[in-house]
Amino acid sequence: MVASTLFWNLFDEYVLWSLFVGLLTFGWLFHHSFWYVSSEGEKYDNPDKIEVGVFPRHNDDMKLEVAWTILPFILIVYLTYISWAPLDAVWTSADGGMHGDECEEGQSSNNFLDSNSGAVVSECYHIIEITGKQWVWSFNCNPNEDAWRGDVLPDRGYELATDICDVGTIAIEGYGMQPLLSLKAGETYLAVMQSEDVTHAPWIQAIGTKEDVLPSQKTTLWLPMNEVGESMILCTEYCGDAHSIMSAGLFVHN
Amino acid sequence: MMKNFIHSRSLVVMTILIAAMVCTPLVSSFPTGISGVKDSGCNCHGATTSDSVTPMIVGLPEVYNYSEVYELTVSFTGGPSTPGNINLGGFHLWASEGELSVVDATVQQYNPNEVGHTEVGNDQTSWTVVWTAPATDRNVEMILHTNSVNGNAGDGAGSSGDEWNKITKKINAPILVLESANPYVVLSTLIIISGILLIITITYIFYRTNPDSFNWESFEPWIADWLTTTDHKKIGTLYFLAGMFFLGIGGIMALMIRIQLSVPGNDFLTQDQYNQFFTLHGTTMIFLAAMPLINGFANWMVPLQIGAPDLALPRINAMSFWLQPVAALLIFTGVFSGTGADTGWTGYAPYIVSETAHVGTTMWVAGQIMLVASSTLTGVNFLTTIAVMRAPGMGWMQMPLFTWSILVANLMLFLSIPAFGVGLVQVYLDRVIGTAFYDAASGGDPLLWSHLFWYFGHPEVYVVIVPAFGVISEVIATSARRTVFGYRSMVYAMAGIGVVSFIVYGHHMFTSGMSPTLRFVTMLTTMLVAVPTGIKIFNWLKTMHKGSLIYRTHTLWALGFLITFTLGGISGMFFPSMAMDLHFHESYFVVAHFHYVLVGGTVFGFFSAIYYWFPKMTGRMLDERLGVLHFLTAFISYNGLFWPMHRLGIWGMARRHHTYFISTEEAMGSLPAEAAGWNMFISISAFLFFFSNFILIANMIKSVIRGQKAPADPWGGWSFEWMTSSPPPTPSFPLDDLPTLRDANEGHIANEPSAIVRWFQGLMVLDDNEEEAGH
Amino acid sequence: MSSDHHDGEHHPSAWGPHDWSHGAPHNSWSPIIMSIGIGIFLYTVASVYSWGNMVDSSSIPLVLIGLMIILFGLLIWWRQDASFDGIYEPKASGTPFQNIEIRKVAMWVFLMSEMMVFTSLFSTYMRYRFGIDSCQEVYESGSWIVNSQNVDTGEAVNCFLPASELIASSWFHIAPGAINTFALIISSFTIVQALRWAKKPIGSVDEEVRRKRVYRYLGSTWVLAVIFLTLKMVEWFVGFYIPEIGPIHEHDIMSLVDEGYTIHADHYHPHHGWDDIHLAELAALHPEDYEAYLSAVGPNYEPTNAVMLADIRVSSSTFFVTTGTHGAHVFIGIIGLTYMTWKAWTGGYTPQNAVSIEYFGLYWHFVDLIWVIVFPFFYLY
């Protein structure tokens, strides 16, 4: 289950508005569909002069039509606004945004929750690497040496402590032996990702986020880890035969 | 006689050609070598088996005991393997049930049910493994591959000269278990049975038309007429039949998918089969079911509604239709041999151009190229027809809304589908002659395909929903005995959807690493879609106000459409919000959303259209009681089928996964325990929904045989189609006596051209008048 | 469903020729036959070739059979059309197109989608042209020296090499494309002349003169189109030889394929140039232009006669497929012109049905226009 305040705040707000719109629409629909029933069309005597081969009288009301153009528009502007605020958490550029700069040796991200948007703010982040290939994920906590397709990651100059980031394997029922990524709660990670063959996308189910892993370019994904737990990483961009069992475990510990 | 002879000869030739296309295994599409996860292991040693190698498994029982552990000795004899070679051989063993495990370093484990030799184990011809029998009654199958190696790998010759073979062993459960059917066989059989049923139905209809001349002499010109027809009504009927046929085929595939997903960890379908089934389910439903159904009604109704004798280019229209069945054959060729396309209907690059995608993918692409050609020709036809062939008195703003919807849909399709066509041609050329448009190793960009695809793909989903809007506008207005509320805002809303459709496609690529600015722009434009859609929904509701609502089956479907489409529209609003989309992308929430829109929208809309226009098309009324029964069963089971999927998506069920596992105390999985029950519920609803639609089929057959004769205007509509007899004559309106549309709006000025139109008209008509003066 | 129209008057035969004097539908075998032919063609081409290798040469006859079936369908189509004398030409009834020939509108609408086809191809071109480093820049930057992507190691750089680098390198290379441009422009003129003569009012011109003019102009359009495709083949596959004539030196102009510019060119290097000695000399001459080179290889780099290797499959695919799509349009035009020239030769064009030439002319001008855009982008720039 997703443990992201950001997600649930937005979701709850959207559900509320959906209920409002839904109740309005369905209430209206049920009222009209029962109130105006007639068995042979006798209720009103052809007010629009409907006749075959004649374009019938217009049935319109400019004020109403404008009203239900403007009102939904205001609603979506509002929804865009509330969706806009947490966008920073999703895409802020690597340096100086709400996740600060890359951590110094021994520095902790000290994640905390921004009460307005529900987004996680941190002091600094750790770069890790996720690589996808048919049909295995692989994780690398210290991607300094990486020179994939001539694109070298900046050398951080130190190795991450194993309690901040560690990789291993885990046997998951139904999936077999799968790679395992252990991260620490309270730390924020920036995953730099690339694929060795076709497009993949890791679905970090714990925090409800994902991003495509492409063979031709590097993509990045923020992983602000806040809650302790065990969860799965699945592949969510179709990649062939064993796509559905291309998975990994994710441990978040204290 | 001579003419008949030519007709029958050409029929025979064509049948042979079609048969040849299906049967000839030209595309090396028959599975020869080893492929797929369960079979992979030693496919590096050549593609064909060799009889000189004899694999053996010793230690297997005929009938296993529950959970008993068996020690198996796997070995082989024969082949080039001789003592003293550098390497002797290798093996790969797969068990459908139970667990295999390793006892020494010569064997390694790939999966709980899959083992193979290790580097160390390369030097022997016999290995020992342990198999734990399952705890329940299952029929077990083991597949063993062995390689006999000639040991020249060290000389740089690799695996050349090596030989391999495979055996399959069956172990029975203590209690006899029925063999489960091969899903390919099931699907192929069902397709063939459906085809035969279709042929029988056609033959029967021919018999009914004239029972006295039920013989080849009269059948042959009758069927030849259908094959060569350019009459828009007959082509409409052909489209309709093709659409219904493929709706059934797509439905069968959906059922197989649902059987597979009904319980966690199911193995009714292999991954491989599942991947092909969801790919073809999507392609079939969108391109071979929804589009032909829409085209069927558009062909039938657009010329009738605008008072035209036929479409602008009747022969081109026939061409549009006939490209489709041939394209369908190409799309399905892979399935008949077990190597259908397995790319998803989106066919994302670079997987689609990778050799791991099945060979059938090439044919799938080829078939879609033909569908693109077909849609382009259809677009030319409808745009031209609607633009220039309206009857006198019918200005743009007096066109029936269904015609408007077809105009908007075809305009969208027409401007977007060339991008898809170009992308498909690029993929076809990549796969066939070896160009490198999407080859990442040579610098090809996979996102280019995504852009070309979604530039088409998003307008495409509106192309299938907008005609349903048109149908609902007609049905609700007619049922309520009112003009549709706000005709003009309906038109502008539809046009608005058409315009917006081209600038929102980026939301399909939110997770592809696109630029933050574009993400924001796309988020806003996507939200904007709700405005014109909202206008339409409110207008439909207001149409009923102060009306006299007469309930017929088509009314029920239209009201049902309002409910399901509104729900689908609301759930669609969750996606543009980036922070939620990152979770929902490729989850079951998406599956729920687009089925609410495509089934609850398009299919329900066209069910409504069937009940509304069937009397016009056949001259026979449908049975109202069967219709209501169809609506109730289908509507309820439909909601049971798709509503729970929203919840599954939020929980974390991923789309395009052949199975899922639930989390328990002991084991990690991606879904909570309740998910299993809901999946079973969904699968049961799926069956109910599928079979409830047979009521419609029965209703139609019953109506054609002994339905009441339909009057010209059974529901009280105003547009021209209700002016003609049921069924209408050919040509639909006599050329020298086209109808004229009158207008009930006194002093209404919509018909008067605006300044721009007058200017434009001046340009065009003046020129033409001069020309005529010159003659 | 029950209505059956088999009165031979309205439906002479589904094989043609049609009676065009009324608007009722005409049955035709052509659509279904052509569709099957297209299906067989696409199917068998994919059987013969796979991933650029010929895997099943025995299916080649089937490809030809597919093409024959398409041609057969086309012949039926033409046979039905040949009797069209313009007496019944459907005209538009709706505003604002009243009295315009419906098929003319249809042609314009069709060209709209053709425009989108070439737009998509140009998008592909722009994505790759501006998204991938050009080979010249990579060469001058010297990064290939540092990454040892040269002929000796067999490692190749991914870079974009526009065909214009080869084509625009000399007047002789550019000659076929340039002649083609003029051929197409002239053919746009000849098709209009054919229309002009066909349209001249009856009585104002001798019918025999009209027949000759129309078929000769259509014939010259056909010839020009064939010249276009022939020169294209020369430029792509054959190359040509120029003997020494007066001041002109002997030239052996290689085709693009002979130069190694093919869709399979993942280890491309030109027959001359792209070596580090030449690069070092340039760097020494213009150090300010080659800062990237100097900073990449360092000031003390000793050239070893290494030659850069490039993977240019994307560039060549883009070039061949875009210009090839245009070529396919010319080919379709040739097929249409063949029929029209034949029809003109039989005296089939009169002022009543001269608009048919106009419809084709619209298409032909469009093909011409596209070439005018393709030529500078793919041949010059």
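Student: In which sense do S5(B) and strand S6 of chain B pair?

Tutor: This is a predicted model, in which local features need pLDDT of at least 70, side-chain atom pairs count only at pLDDT 80 or more, and totals for chains, interfaces and linings use all residues. Residues are numbered from 1 along each chain as its sequence is written, while chains are lettered from A and ligands numbered from 1 in the order in which they are written. Strands (E, at least two residues) are DSSP runs numbered from the N terminus, and two of them pair if DSSP finds at least two bridges between them. S5(B) and S6(B), the latter covering residues 114-117, are joined over four bridges, and the sense is antiparallel.

Student: Which residue in S6(B) is the bridge partner of B:Gln108?

Tutor: The partner of B:Gln108 lies in S6(B). That residue is B:Gly116.

Student: Why is one side of strand S5 and of strand S9 of chain B left without a neighbour in the sheet?

Tutor: The open sheet of chain B has five strands in the order S5-S6-S3-S8-S9, with antiparallel pairing. One side of S5 (107-111) and of S9 (163-171) lacks a neighbour because both stand at the edges, each with a single partner strand.

Student: How many residues of domain 1 of chain A are in contact with domain 2 of chain A?

Tutor: The domain assignment, automatic or from a database, gives domain 1 (6-91) and domain 2 (99-253) in chain A. Contact requires C-beta atoms, placed from the backbone, to lie within 7 Å. Six residues of domain 2 of chain A take part, and from domain 1 of chain A the number is eight.

Definitions and conventions. Contact = placed C-beta atoms within 7 Å.
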